[in-house]
Amino acid sequence: MYEFYRVAACVPEVKPGDVDYNVSKILEKLEEAYELSPAVIAFPELSVTGYSCQDLFFQKPLIEATKKGLSTILAATFEKNEVIIVGAPICLNDRLFNGAFVMTKGKLLGITIKTFIPEHNEFYEKRWFSSAADLDIYQISFSELGIESDVEYDYEIPMGNNIVYDIGNDFKFGVEICEDLWAPVSPSTFLALGGAELIVNISASNETIAKRDYRKQLVKQQSASLLCEYLYVSAGASESTQDLIFSGHSMFVENGALINENHNFIDKDYVLIADMDLGKIRHDRIVSSTFADTRALFKEKMNELVTVKFSDAKLPQSDGEYLIVSKKPFIPSSKLKRVKRCNEIFDMQVGGLAKRLQITGSKPVVGVSGGMDSTLTLLVAAKALKALGRDPQDLVAITMPAFGTSDRTYNNSLELIKALGTEPIVIDIKDACLQHLKDIGHPIDQKDVTYENTQARERTQVLMDYANKVNGLVVGTGDLSELALGWCTYNGDQMSMYGVNGSIPKTLVRWMIDSVVENVVFPDACDVLKDILDTPISPELLPPDKDGNISQKTEDSVGPYELHDFFIYYSLRFGYGPAKIYYLAKKAFKDDYEPEVIKKWLTMYFKRLFSQQFKRSCMPDGVKVGSVSMSPRGDLRMPSDASNALWMKELEEI
């Protein structure tokens, strides 16, 4: 239902040349894997014989034993829906080939043949094996293989490096073998273009210094460029150690992101499990024009692909138990990565604004509230001036107290502005707002949306007019989360001449400021920045409470921003519908929110995502810094009057 499937990489004990022993260990690992309900189970290259048999591959007893071993493994799959992939040698027309045998429900679906046979450094496989390019037959009847089966009928089995396996639910995968991945143009390139969403690489890669990291980067790069899932399983340390050592390095990578790998540097005898979310792959392939264009460029290669369809197997769909679902997908989990990312984003914000200031010759004009969004904007503006070698006093920082301004935010605004080397401009807008309310006949004690928006629009008017006065450019403060929810006043804080926070989610804004403190970018401002980080998020459009504290907290009205940022990520980055997002959110926030609370705010999110598009349709320029943006000139081109009926119906059915 949610396009989740589980995969397993199995690394069994082997004894090179002892097929009976190896098959028994493969069957043991199969039983372990079956308990975990994977859809695909893969074993290393030549796992039936052992990779390191060397000239024993020329011995007829080993080849005959291999056939019997494959018969035993095939029989063990007879009542199983899982797809099994095992490596073994195969003799065809007096040539040996290195094969990946793909089977399910007692039937051999195909034999993928290794293409690139290494013959350099410590490798000399060409001594034994021929390449898929040397094949002179591309299918063989089961009876000719010499493999026994409980299935009495005969059938044709495709062979080669061009097989795409389609095994139901539109789930397609391809297989390549070890060195194929290292080639400049690998078989998986064409398999992915031909529809394979998962690439399985069965390997026997020996270990040397730094090779593990190199191998990992290679798999990640291949997965990213092919927009695919990639399961890599390699021979373990029980292989011969005559001249080489094998580490059993296995990993699962999803579109360039490492999801799981074995932890021991030298390893053997284990099962590695991971859940894949095909929805991510399918979404990105639809969105990527480059992927489609590449497929069109290689039409002839696409015509050479062979698709094996097998609808009898009912692949088990995963419940997503092993999915890694972060509560804060925009924020790296480790401090080191988080600070690095925030530094890079800050530099992009500064670079964008500096260019705009350089072209216009303007001074940055910022409305400072003492909240996190305006603080980040102010920091970016100050750093942009510094990058341009301009006087810090060119920063026009205006704070505009009104009915809801608390002493804490007001004082923090003044202190921060001074710490950045300029003088605060204080313009009290209470009288102007009172006059406006009087002019339109609105009761002063009626604290509704008109009362609130009067203040937001008055602030924008002041900023715009002051910018005219000083040859300034109003720099907006609104962030991605506010844009998604439309939590801004039209022609108020929704409006500016340049927006630096437009693709930064609210949950990341906090860490952006924290990184500025961590790196002591503005030494005199560190203390006040820490207090700003501790201040509740509020538009401060309603009067403080009797103790002078902030009475209006944004998250009381629209819900927790950590939830909304989660919704934004999965709805806009991957195009997921409400039901799947709800499922993922329940998994991620199981210790934080009850399901009905998640559904409540998810419903609000989709309502506002559609109803507030008109505010985003005229949002100001601003650089995209992350994977999600809502600019009408870029990532989100959506009619302002689009219907949300489909999304609401799906929510009702949850």
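**A walk through a predicted model**

Hi everyone, let's begin with a sheet. Seven strands make up an open sheet in the order 13-12-11-10-9-8-15, and the pairing is mixed. Two strands count as paired if DSSP finds at least two bridges between them. Strands here are DSSP runs of E with at least two residues, helices are runs of H or I with at least four, and both are numbered from the N terminus. At the edges sit strand 13 (257-261) and strand 15 (306-309), each pairing on one side only. From one strand to the next, the twist averages 20°.

Before I go on, a word on the source. This is a predicted model, where local features need pLDDT of at least 70 and side-chain atom pairs count only at pLDDT 80 or more, while totals for chains, interfaces and linings use all residues. Residues are numbered from 1 along each chain as its sequence is written, and side-chain values use heavy atoms, leaving out hydrogens and water.

Let's zoom in on strand 12. Strand 11 (residues 229-234) pairs with strand 12 (residues 251-254) in the antiparallel sense, over four bridges. Tyrosine 232 has methionine 251 of strand 12 as its bridge partner, and tyrosine 230 stands opposite valine 253 in strand 12. Helix 5 (residues 211-226) packs on the sheet and touches strand 11, strand 12 and strand 13. The direction of helix 5 makes about 35° with that of strand 12; axes are lines fitted to C-alpha atoms, for helices over the stretch in contact, and angles run from 0 to 180 degrees between N-to-C directions.

Are the faces of strand 12 covered or open? Both are covered: Met251 and Val253 on one side, and Phe252 and Glu254 on the other, are all buried. Buried means under 20% relative accessible area, exposed means over 50%, and partly exposed is in between, using a 1.4 Å probe and protein chains only.

Strand 12 also runs antiparallel to strand 13, joined by four bridges, with valine 253 opposite leucine 258 in strand 13. These two strands form a hairpin with two residues between them, and asparagine 255 in the turn has a positive phi of about 50°.

On that theme, most residues other than glycine have a negative phi. Aspartate 94 has a positive one, about 65°, and sits in the loop between strand 3 (83-92) and strand 4 (95-104). Aspartate 94 is exposed, with a relative accessible area of 78%. Aspartate 269, with phi near 55°, lies in the loop between strand 13 and strand 14 (270-277) and is partly exposed at 39%.

Which residues touch the most other members of the largest nonpolar core? Among its 84 residues, the answer is Leu353, Phe566 and Phe567. Helix 10 (residues 372-387) gives this core its largest share, nine residues. A nonpolar core is a set of buried Ala, Val, Leu, Ile, Met, Phe, Trp, Tyr and Cys residues joined through side-chain atoms within 4.5 Å. Apart from this core lies another, of 49 residues, including Tyr34 and Phe43.

Last stop: serine 413, in helix 11 (residues 407-419). Serine 413 is buried, at 1% relative accessible area. A polar atom of its side chain lies 2.8 Å from the backbone oxygen of threonine 409. Setting aside neighbours within four places in sequence, serine 413 is in contact (heavy atoms within 4.5 Å) with Val368, Ser369, Gly370 and Thr399.

Technical notes. Polar contact = N/O pair within 3.5 Å; in protein donor to acceptor, adjacent residues only side chain to side chain.
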